[in-house]
Amino acid sequence: MGEDTLYQKTFTITGSDFDKAGEVSTQIKAILKAAGLDSTVIRRVASASFEAEMNVVIHADRGKIDFELTPTAIVLTIDDEGPGIEDLELAMKEGYSTASDDMREMGFGAGMGLPNIKKSSDDFHLESEVGKGTTLRITIKHDEQ
Amino acid sequence: MIHELHSIRIIEDRCKGRLACMRVCPTDAIRVRGGRVSIKPPLCIDCGNCIVACPEGAIVAITDPWEEMTRYKFKVAILSPVLFGQFPRSITPCDIYEGLLSMGFDAVHDLSLESELYFRAIQDYLEDYDGPLPLISSMCPVVVRLVQVAYPDMVGQVTPIQPPREIAGRETKKKYSKEQGISEDEIGAIYISPCPAKIASIKAPAEKVKSNLDMALGIRDIYNPLLAAITKNKKARDEDGAILPRTDIYSQLYISLPITGGLSKALQQKRYISVAQLPNITQVFEDIEKGKIRSIEFLECFSCTGGCTGGSLTVDDRFVARSKLQKVSELIGEALNGDEDKFIDQHYTKGEYYLYQTLEPRPVERNRLSIIEQIERVKIREEYQGKLPGIDCGLCGSPTCAIFANDVANGDSDPSDCMLLSPARVDELRIMYKIDDKTEDDQPTA
């Protein structure tokens, strides 16, 4: 938690829990609405956090989302334990997905998750260790006019 | 301010603070303070749920008084099709037309043409549109206001097409001013409405321009005199054998547009969903905002169960009314001769039916607080949310514990308004609700 952090909260996510999937991003959105942020910013955060949350549910065993609000930005750090990503460059390609057939049948795995998150973010940092897990850190600025 | 005009009014001395309205308000706009109800105008979307819920009849719709009509030289009744489902099955649309004319209207106008024009305009708009999906239908004014108030980022997804009633306001004025040789101002376009929301949308349109309609009367308000007129006419006809005037309704779409699924079914080649009731609509809007719903192209939403037949200014049971409308639609279908499409083609001009101005978000409160102050409030709210029992009893005067926590954080409520945080509140409530201490033993014996 940085010095100028106004608000911080950590949420946990369970892999393959499709029933609860999306709840974290709903809660984050509620906080941002209450904080009176611009609706365009809220929508960008909501959509990025939803995609990130879904990635954990679809691919990982478990994970957490750390949400931090500063006077200028929203920082989301998504940390998961799971298979990790073998080829980061490939993972960022639109349409590329390693989701299983089962997942695809449920309508996931369009290969747009990470590219969409990147589009919504001002800063995007992805790190992964195969067999261990993935860490994604994104920043969305909210103080621009 | 124009956008804070509403069509709902509280009759204060009828209110007994029974909380029913507060519990059904979809935007949590209602509070009960000191045993009396109040509505927060910026949050109210005129859905009318509170009108139906109040056991005392203390919340009413503001409709225009009948006498207002005398202002106009030529009075045209513009009919929501919901009206046709409100009478016993033996009363036909023709009877209803005749009844309205006897009541003092100079002409009765259905929305056959306008419904078809609206539908074509929507089809064309969908065809050319390449913005974010799904597009949201603009038929239900409650939904439009909900988007403006709570989902400001989605206003661009509301189809900017005038609903049939508004197109009709413009068309009738043109038509009758020509036919009668009088100015458009002398013609009163009077909408017969199934709900207070459409009345509000006429008094204060969502896009902040003037409505094409001049007045609105609730179906409920004209029901008794209309039924009396119809009955009288029927009797007279039995005696003198006069012929009933015919209606010129030729559009099945006119009948089905205000019913859930009506518009979507007509847009069959599109991927659509049809959603009714605000909690469901809110759920779908949340999912759209998150990006969970992506494959849907068109979203048809109605605030009321089943569509406008569930409006709070209707009379008959909403499910029965729907079944009766289906029958009317079948009858219209039987009478079609195949020339209707040509007629509609002649009247349709692409691009003629857009809203006069783009829809703008309607922010609930202009925020003068800094983000730091706001976040302080969020923290106070979370602190109280942790303390409160979450049983949502409502006796603090806020609809839920979560909203009470929010009200406390905003300084609108005091923590001592919760009887579990502050036992003294119970005594206050006992006085407010006139509970006395007499037990059965104290009752005088007969």
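Predicted model: local features only at pLDDT ≥ 70, side-chain atom pairs only at ≥ 80, totals over all residues.

Colleague: Are α1(A) and α2(A) roughly parallel or roughly antiparallel to each other?
Modeller: Helices (H or I, at least four residues) and strands (E, at least two) are DSSP runs, numbered from the N terminus. Axes are lines fitted to C-alpha atoms, for helices over the stretch in contact, and angles run from 0 to 180 degrees between N-to-C directions. Helix α1 (residues 23–34) and helix α2 (residues 39–59) of chain A pack at about 160°, with axes 8 Å apart. Angles under 35 degrees count as roughly parallel, over 145 as roughly antiparallel, 65 to 115 as roughly perpendicular and the rest as oblique, and α1(A) and α2(A) are therefore roughly antiparallel.

Colleague: How many residues of the contact of α1(A) with α2(A) are nonpolar?
Modeller: Residues are in contact if their C-beta atoms, placed from the backbone, lie within 7 Å. On α1(A) the residues include Val24(A), Ile28(A) and Leu32(A), and those they meet on α2(A) include Ile42(A), Val45(A) and Phe50(A). Ala, Val, Leu, Ile, Met, Phe, Trp, Tyr, Cys and Pro count as nonpolar, Asp, Glu, Lys and Arg as charged, and the others, Gly among them, as polar. The contact has 2 polar and 3 charged residues, and the nonpolar ones number 7.

Colleague: How many residues of the contact of α2(A) with α5(A) are polar?
Modeller: Helix α5 (residues 113–120) of chain A packs with α2(A) at an angle of about 155°, the axes being 9 Å apart. Ser47(A) and Asn55(A) are among the α2(A) residues there, and Asn116(A) and Ser120(A) are among those of α5(A). This contact holds 4 nonpolar and 2 charged residues, and its polar residues number 5.

Colleague: How many residues of β11(B) are buried?
Modeller: A residue is buried if 20 or more other C-beta atoms lie within 10 Å of its own, exposed if 12 or fewer, and partly exposed in between, with C-beta atoms placed from the backbone. Phe298(B), Glu300(B) and Phe302(B) on one side of the strand are buried, as are Leu299(B) and Cys301(B) on the other. For strand β11 (residues 298–302) of chain B the count is 5 of 5.

Colleague: Which are the edge strands of the open sheet in chain B?
Modeller: The sheet has 4 strands in the order β6-β5-β8-β9, with parallel pairing. An edge strand pairs on one side only, and those here are β6 (107–109) and β9 (215–218) of chain B.

Colleague: Which element gives the largest share of the side of chain B that touches chain A?
Modeller: In this interface, 15 residues of chain B are in contact with 18 residues of chain A. Two or more residues on the chain B side come from each of α11 (278–290) and α14 (371–387). The largest share, 6 residues, comes from α14(B).

How values were computed:
Residues numbered from 1 in each chain as written. Chains lettered and ligands numbered in written order. Contact = placed C-beta atoms within 7 Å. Pairing = 2+ DSSP bridges.
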